[in-house]
Amino acid sequence: MKTPNPIDLAPASAPEDEMYYLNMGPQHPSMHGVLRLLLKLHGEEIITAEPVIGYAHRAHEKMAENRSYIMFLPNTSRVDYLSGMIYNLAYCEAMEKILDIEVPERAQYIRTIANELNRISSHLLWFGTFLLDLGGVTPFLYCFDDREEILEVLDRVTGSRLTYSYGRFGGVTMDVDDAFLDGARAVLKRIRERIPMYLSLVHDNVIFRERCDGVGVMTGDLLRKYGITGPPLRAAGVAYDVRRAEPYGIYDRFDFEIPTRTAGDCMARFEVRVDEMEQSCRIVEQAIEGLPEGPIMPGRMKKRFKPPKGEFYFAVESARGHFGMYIVSDGTDNPSRIKLRTPSFSNLSSMPEVLRGTFVADTIAIVGSIDVVLPEIDR
Amino acid sequence: MPKTLAEMLGSPMLAVATGLGGVMGLLSFNALFCIYLERKISAWIQRRMGPMEVGFHGMLQTVADMVKLLGKQLITPKGIDKPLYHLAPLVVFAPVVAGTSLMAFSGSFALHHIDLGLVLVFTFGGFAVLGIFMAGWGSNNKYALLGAMRSVAQNISYEIPLLLSALSVVMLTTSMGRTVTVGDETVAVQGLNLFHITMVQMDRNVWFIVLQPVAAILFFIAVLAETNRAPFDIPEAESELVAGFHTEYSGMRFALFFFGEYSNMLIGCMVATTLFFGGWSGPLLPGPVWFFLKSYALMAVMMWVRWTYPRLRFDQLMRFCWMVMIPLSIVNLLVTAFFLKVF
Amino acid sequence: MTHEAPKDTVAPALDGLTTSSEPSDPAKDGFHVRHVATADRVVELARRFDEAGYFLEMITAEDRRGDLEAMRLVYTYNRYGEADRHLVLVDLSSEIPGASAPSCVPVFPAADWFEREVFDMYGITFDGHPDLKRILLPDDADFHALLKDFGRIEDAPPEEDPPERELTV
């Protein structure tokens with residue numbers, strides 16, 4: 001029973017007075033925070049869709065201009081509270097590059113472990129909420145169970161569960177101990193065991209396939225025109241991952257693959273993320289294996305940093321795609337401008353085109369499958 | 001033959017009063033028990049404990065919730081269609097009481113004994129969609145309207161396989177014997193009489209699920225859809241339509257919808273028990289115990305399904321009905337008719 | 001131009017479109033090439049990058065009225081694959097409102113939201129944008145939040161203890 005593309009079923013021209021507007025959000029059970037979709041509908045078919053954002057705008061970029069470089073550190077992980085570690089460490093690495101600070105080996109490895117564990121936890125949460133959007137409640141609780149283990153491990157060394165402020169210019173705040181490494185190994189073992197179970201429970205389910213196969217196809221030029229990055233891009237066959245394209249930290253030392261699919265639909269995005277969890281497990285394993293002894297910070301830390309004048313750009317691969325920081329320094333210890341180029345912002349901006357002609361139920365699946373985090377979009 | 005309540009009590013008025021009280025009591029207990037069961041089953045499936053605090057293993061949790069719902073303020077939104085909005089919960093709830101009173105709980109006792117019992121049950125079942133549409137239309141809310149529109153299309157579509165699969169059982173009942181002997185009594189079989197359907201199964205020592213497995217599966221799926229249970233819960237799909245047709249209802253009005261949903265589930269399962277699982281028949285234990293055991297076992301399966309599957313999309317749901325369920329049930333009916341004619 | 005694009009890439013043909021183009025050290029600042037251009041060339045530049053298979057990574061702006069007496073637009077283009085990041089700096093007039101540039105939306109739809117954000121935060125307008133309105137700040141806001149003369153920490157009123165409120169039951 002192959003579902004025909006809903007676009008084929010759409011009436012060529014629906015009379016204007018049969019259409020109506022539906023405000024989905026900002027308070028809606030599956031708008032992932034405070035997204036508002038202004039849908040123009042004909043029955044249940046979407047004529048136009050306009051995402052309205054800004055409900056979680058906290059002016060991080062303005063805050064950056066009003067404080068010193070180091071004071072901006074805690075803000076970074078609040079940009080995306082689901083993979084805060086990656087954003088936090090990205091800022092540290094950007095500043096290290098600008099200030100020319102050498103990071104000790106051990107700190108580099110610890111950062112990689114923390115980054116990838118955080119990526120797995122973010123993907124696990126996405127897995128649960130995506131199934132919740134499709135109406136399956138049970139996977140949500142299984143995933144939260146697993147994610148809790150990861151948060152516990154990270155909590156042990158960083159002292160926080162979501163909004164980490166673990167990085168410092170030059171290293172990390174606290175050294176890891178054996179209990180952390182054992183915990184990380186146990187998490188990997190557990191995730192490895194559970195992923196096949198998730199797949200057999202979810203992936204082969206006929207209803208799940210019906211809901212995902214061929215739904216929300218994003219392929220070809222659309223991706224490039226909208227600057228889409230991350231799993232939605234890789235699900236369409238483009239093996240672009242910042243960890244490979246411009247390696248940062250010590251990612252060039254690890255052996256991992258960039259999972260891709262070609263279909264570009266919700267199912268492909270689902271599969272790519274599941275595979276990415278597996279690849280992250282591999283990276284963490286190698287990093288634990290190669291973790292050297294040594295300091296975690298380079299000598300004494302300065303209190304004030306005055307980077308040279310100029311413009312700088314630093315990109316990392318967050319759990320959602322290409323996260324870039326454009327930093328402008330005027331030579332003082334306050335940044336003149338920090339622009340956060342967040343992946344969900346660009347990914348979401350393609351929605352008017354992707355959602356056109358789909359059904360209300362697909363909207364939920366598609367917006368869920370690109371994994372938007374609204375605080376990251378609104379900044 | 002079962003004695004009706006009126007015969008036992010000697011007064012029709014007294015019978016109506018006790019019958020109504022009994023059915024209301026049963027349905028109230030059912031709602032409380034089902035919510036508890038649903039929570040526990042979902043918890044076990046999700047490796048949680050479920051309610052544990054109020055009473056032994058949280059048994060009084062639903063009672064506490066009901067008291068809370070009773071005490072809640074009834075919020076009436078602006079711009080509603082007042083008669084429809086206020087009538088809707090009653091229209092959902094009242095037919096449920098009528099439907100339950102027709103059930104064949106036991107061989108020796110009945111609230112009503114009507115030869116057209118099955119037809120009446122389906123008739124009362126058909127009222128639910130009316131109430132849902134009234135709620136959706138009267139609420140003046142787009143989510144509610146969308147939910148109501150989905151509900152109407154879904155319920156009307158799934159009634160066809162529901163009736164067709166029940167019909168094949170009715171054909172079987174009337175063809176397997178013109179008369180049935182229970183105890184020292186012999187009665188002429190009426191195919192639409194719920195008591196007779198059970199008696200034929202007892203008499204021939206076979207459950208109809210053995211003879212009509214396809215119809216049983218179709219019937220169960222159709223019941224899932226008719227009662228808006230997952231994976232067919234699209235009229236109230238909470239991740240899409242917030243709460244669907246009952247978005248604008250609060251407090252006791254919302255509770256009545258909930259009540260109606262669980263009562264409809266119970267009726268669906270009771271009819272399925274009668275049609276396919278031999279009704280009250282069973283060894284040792286008294287008839288009504290068997291009857292409710294079988295019904296609640298089916299309920300548990302419905303809950304199991306709900307917490308396992310994601311939700312279908314609307315067009316897929318309709319396609320499944322019209323392209324799979326209805327053709328299959330028609331074929332099943334024809335095959336049944338063919339075999340009955342030949343053998 | 002001494003910069004060479006990575007292998008299997010068509011280098012964008014930008015000759016004559018930019019005021020200056022210099023290769024840069026990506027290990028230091030993340031950019032492979034820095035361009036300076038004038039506002040009227042912005043769309044043509046975007047088209048050249050589009051033809052070469054690049055994507056629009058971001059558009060943002062800087063309030064450089066303090067040192068350069070100009071509002072500055074910043075475009076970065078990159079490609080999927082080995083990084084080749086082009087930075088395009090465009091200086092506009094320092095008048096707010098008044099500073100404006102042509103819109104890149106016809107070439108890159110991605111520019112839609114980026115340009116709206118720049119308008120929202122800086123008040124720079126984009127000619128030819130299909131629907132230029134605020135995106136992050138409230139629709140009825142009467143300020144542009146990232147201008148340097150808005151919301152400076154020095155201008156904040158001295159913090160006072162909130163007046164004690166009487167509890168009413």
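**Exercise 1.** Which residues are linked with Glu311(A) in a network of salt bridges?

*Solution.* The model is predicted, and every value below is computed from it.
Step 1. Start from Glu311(A), the chain A member of the network.

**Exercise 2.** Find the pair of chains with the most contacts, and describe how chain B stands to chain C.

*Solution.* 
Step 1. There are 2 pairs of chains that touch, and the most contacts are between chains A and C.
Step 2. Chain B and chain C do not touch. Their nearest C-alpha atoms are 20 Å apart.

**Exercise 3.** Describe the salt bridge between Asp362(A) and Arg313(B), and decide whether its two residues are buried or exposed.

*Solution.* 
Step 1. Take the distance: the two side chains meet at 2.8 Å, N to O. A salt bridge needs a nitrogen of Lys or Arg within 4 Å of a carboxyl oxygen of Asp or Glu, so the pair qualifies.
Step 2. Locate the partners. The pair crosses between chains: Asp362(A) belongs to helix 15 of chain A, while Arg313(B) sits in the loop between helix 12 (287–306) and helix 13 of chain B.
Step 3. Classify them: Asp362(A) is buried, and Arg313(B) is buried too.

**Exercise 4.** Describe the sheet of chain A and the helix that packs on it.

*Solution.* 
Step 1. The sheet is open and has 3 strands in the order 1-2-3, with antiparallel pairing.
Step 2. Strand 1 (19–24) and strand 3 (45–52) of chain A are the edge strands, each pairing on one side only.
Step 3. On average, neighbouring strands are turned by 20° against each other, direction ignored.
Step 4. Between strand 2 (residues 36–42) and strand 3 of chain A there are 7 bridges in the antiparallel sense. In one of these pairings, Leu37(A) has Pro51(A) in strand 3 as its bridge partner.
Step 5. Helix 15 (residues 360–369) of chain A packs on this sheet and touches strand 1, strand 2 and strand 3. The helix direction makes about 150° with that of strand 2 of chain A.

**Exercise 5.** Work out the strand order of the sheet in chain C, and show how strand 5 pairs with strand 2 and strand 4.

*Solution.* 
Step 1. The open sheet has 5 strands in the order 1-2-5-4-3, and the pairing is mixed.
Step 2. Its edges are strand 1 (20–23) and strand 3 (55–64) of chain C.
Step 3. Neighbouring strands of this sheet are turned by 20° against each other on average, direction ignored.
Step 4. Strand 2 (residues 33–37) pairs with strand 5 (residues 86–92) of chain C in the parallel sense over 5 bridges. Here His35(C) has Val88(C) as its bridge partner.
Step 5. Strand 4 pairs with strand 5 of chain C in the antiparallel sense over 7 bridges. Here Tyr75(C) has Val88(C) as its bridge partner.
Step 6. Strand 5 of chain C is mostly covered, with 6 of its 7 residues buried.

**Exercise 6.** Which strands of chain C does helix 2 touch, and what salt bridge do Arg48(C) and Glu44(C) form?

*Solution.* 
Step 1. Helix 2 (residues 42–51) of chain C packs on the sheet and touches strand 2, strand 4 (70–78) and strand 5. Its direction makes about 170° with that of strand 5 of chain C.
Step 2. The side chains of Arg48(C) and Glu44(C) meet at 3.2 Å, N to O. Both residues lie in helix 2 of chain C, 4 residues apart, about one turn of the helix.
Step 3. Buried means under 20% relative accessible area and exposed means over 50%. Arg48(C) is partly exposed because its relative accessible area is 25%. Glu44(C) is partly exposed because its value is 27%.

**Exercise 7.** Describe the salt bridge between Glu57(C) and Arg85(C).

*Solution.* 
Step 1. The two side chains meet at 2.7 Å, N to O.
Step 2. The pair links distant parts of the chain, 28 residues apart: Glu57(C) is in strand 3 and Arg85(C) is in the loop between strand 4 and strand 5 of chain C.
Step 3. Both Glu57(C) and Arg85(C) are buried.

Key:
Residues numbered from 1 in each chain as written. Chains lettered and ligands numbered in written order. Predicted model: local features only at pLDDT ≥ 70, side-chain atom pairs only at ≥ 80, totals over all residues. Heavy atoms only, no water. Pairing = 2+ DSSP bridges. Helix = DSSP H or I, 4+ residues; strand = E, 2+ residues; numbered from the N terminus. Axes fitted to C-alpha atoms, helices over the stretch in contact; angles between N-to-C directions. Contact = heavy atoms within 4.5 Å. Buried < 20%, exposed > 50% of the residue type's maximum accessible area, 1.4 Å probe, protein only.
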